[in-house]
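Please walk me through this model. Start with the helix packing, then turn to the loops.

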Amino acid sequence: MDIDGTYTLQASPEVVWTLLMDIQTLQHSIQGIERLEQTGEDTFAFTLQIKHAPLRGSYSGNAVATKLEHPFSYHIRAEGEGSSGTFHAEWNITLTAHDENTVVAYQGSLHFSRINTPLPSHLVKGTIKVLIQQFFTSVADHLRTAS
């Protein structure tokens with residue numbers, strides 16, 4: 001399923017890029033993150049606890065950022081598995097200056113497989129959108145407290 005959207009942050013693309021690449025910011029901003037460690041250059045291992053149905057469960061996996069064009073765009077690929085199934089996600093992230101703000105645009109896809117139980121795609125998409133909104137709200141809060 002395709003998932004895309006935008007979020008505007010009150011900072012320059014340079015500052016937003018730095019936050020989106022900072023492991024400590026990610027640990028504080030990703031809802032349900034239990035473990036996030038860098039395993040190589042732009043490569044991470046994670047464990048994530050999702051509390052929202054229909055994806056409720058614990059997932060472990062790897063993520064890698066590629067095609068880094070500082071501070072304007074990158075590609076992120078993540079895959080993993082957990083008690084509720086397996087997933088593969090890919091997103092292109094673009095940072096665009098707009099006045100004194102940065103518009104973060106994300107466009108990509110998520111493939112989630114659950115053994116013996118089909119998941120309604122509209123519920124999965126809705127849950128992912130909520131998690132993305134929570135992430136960007138947390139990053140925005142971090143920006144407010146840092147300035």
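Which residues are buried in H3? They are Val124, Thr127, Ile128, Leu131, Ile132, Phe135, Phe136, Ser138, Val139, Ala140 and Leu143. Buried means under 20% relative accessible area, exposed over 50% and partly exposed in between, with a 1.4 Å probe and protein chains only. Helices (H or I, at least four residues) and strands (E, at least two) are DSSP runs, numbered from the N terminus.

This is a predicted model, in which local features need pLDDT of at least 70 and side-chain atom pairs count only at pLDDT 80 or more, while totals for chains, interfaces and linings use all residues. Residues are numbered from 1 along each chain as its sequence is written, and side-chain values use heavy atoms, with hydrogens and water left out.

Contact here means heavy atoms within 4.5 Å. The length of H3 fits its residue count: at 1.5 Å a residue, its 26 residues should span 38 Å, and its end C-alpha atoms are 37 Å apart, which agrees. The expected span is 1.5 Å times one less than the number of residues.

Now take the pairing with H1. The axes of H1 (residues 13-20) and H3 (residues 121-146) come within 11 Å and cross at roughly 115°. Axes are lines fitted to C-alpha atoms, for helices over the stretch in contact, and angles run from 0 to 180 degrees between N-to-C directions. H1 contributes Val15, Leu19 and Leu20 to the contact, and H3 contributes Phe135, Val139, His142 and Leu143.

Next comes the core. The largest nonpolar core has 39 residues, of which Leu9, Phe46, Ile128 and Phe136 touch the most other members. Such a core is a set of buried Ala, Val, Leu, Ile, Met, Phe, Trp, Tyr and Cys residues joined through side-chain atoms within 4.5 Å. H3 gives the most to this core, with nine residues. Phe136 touches Tyr7, Leu9, Val104 and Tyr106, not counting residues up to four places away in sequence.

The loops hold some backbone exceptions. Most residues other than glycine have a negative phi, and most peptide bonds are trans. The bond from Ala53 to Pro54 is cis, with omega near 5°. Pro54 sits in the loop between E3 and E4 (57-69). Another cis bond joins His70 and Pro71, with omega about -10°. Asp99 is not a glycine, yet has a positive phi of about 55°. Asp99 lies in the loop between E6 and E7, and counts as exposed at 71% relative accessibility.
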